[in-house]
Amino acid sequence: MNLQELRALPHLSASSISTYVDCSLMFKFAYVDRIQPEFTADALVFGTVIHRVLEIYHHMRMVGEKISLLELTSHFEEKWREAVEKNPGIRYREGYTFDNYLISGKSLLATYYTEQPETGFKLLALEKPFSYQLTGLPVPIIGAIDMVEEDESGTIIITDHKTSSKAYSADEVDGNFQLTLYGIAAKANGYSDREIILKLDCLVKTQKPKFTQYYTVRSEMDEQRAIRKILAVWEGISKGVFIPNDNSWRCKGCTYREHCQEWFSKGGD
Ligand code: SF4
């Protein structure tokens, strides 16, 4: 099954679990009530376009061709224009515009193009969909891994591409829940007999763009903790426990602020 087919069935994902943990009322609006967001966040559209262009870059690498920097930035310009046209409800944060995202995207991709080290890893898959069952969880965990590579010793390297406004700390990388789920997914989807290394390839939107790669691993205990957390999230969902976390980092850019206000003013439901 491809990711679209997997998404059509009941499931949990790294994103939905993290949403529940950060603010379970937001989870309810998005995943239970399936309310359309009040606007489209600019950073989400921008990040998705960068992600898509990196996929094109690595797809060309997979078929043995190297894309030029000009081709790469032209792809970005085309896809950014298309994405904004398709999202008339896009809302730019203060200080951000279509044009400065255009400049920023090209500059980030140029940084990626010139600073990405030659690892010699063999590229096995891009946007690899996965689905796995956990004991005690009646729905599968689904998602897609950005990039799966293999080094000369047979170790599997799982990469997630990120666009971020700041660099990550070592603790953030080592505790990154999405990477933990991807590691479990890799084991459940054919790589259980391999060493697995996890990696964040991060483009940082500072004034002078930066590209940083963060390598990390997960122990069995890390995976067990993640699974325990997922089961607790499921218990909360199935019992209808949806609590607003109105001091969350998510509140500032929340795409359900009006629904949230209404929920508070009505005394909740
Ligand atoms: S505004 Fe804050 S508390 Fe309300 S739903 Fe959004 S994230 Fe949750």
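To start with the rings, how many aromatic pairs does a search of the whole structure find?

A: Happy to! First, this is a predicted model, in which local features need pLDDT of at least 70 and side-chain atom pairs count only at pLDDT 80 or more, while totals for chains, interfaces and linings use all residues. Residues are numbered from 1 along each chain as its sequence is written, and side-chain values use heavy atoms, with hydrogens and water left out.

The search of the whole structure turns up 20 aromatic pairs. Rings of Phe, Tyr and Trp (its six-membered ring) pair if their centres lie within 6.5 Å; planes under 30 degrees apart are stacked, over 60 edge-to-face, and the rest tilted. Take Phe130 and Tyr182: their ring centres are 5.7 Å apart and their planes meet at 75 degrees, so this pair is edge-to-face. It ties together distant parts of the chain, since Phe130 sits in strand E4 and Tyr182 in helix H8, 52 residues apart. (Helices, H or I with at least four residues, and strands, E with at least two, are DSSP runs numbered from the N terminus.) Phe130 and Tyr182 are both buried, where buried means under 20% relative accessible area, exposed over 50% and partly exposed in between, using a 1.4 Å probe and protein chains only.

Now look at the packing around such elements. A nonpolar core is a set of buried Ala, Val, Leu, Ile, Met, Phe, Trp, Tyr and Cys residues joined through side-chain atoms within 4.5 Å. The largest one here has 37 residues, and Leu12, Tyr132 and Leu181 are among those with the most contacts inside it. Elements that each supply at least two of its residues include E4 (122-132), H8 (177-191) and helix H9 (220-238). H8 gives the largest share, eight residues. Leu12, leaving aside neighbours within four places in sequence, is in contact (heavy atoms within 4.5 Å) with residues including Ile17, Ile141, Ile230 and Trp234.

A second, separate core of 24 residues includes Phe46, Phe98, Leu108 and Leu203. Here the rings return: Phe46 and Phe98 also belong to a cluster linked by ring pairs, together with Phe76, Trp80, Tyr92, Tyr96 and Tyr101. As for Leu203, its bridge partner in strand E8 is Phe211. Seven bridges join E7 to E8 (residues 210-216), and the two run antiparallel; strands pair if DSSP finds at least two bridges between them. A hairpin of five residues connects E7 to E8.
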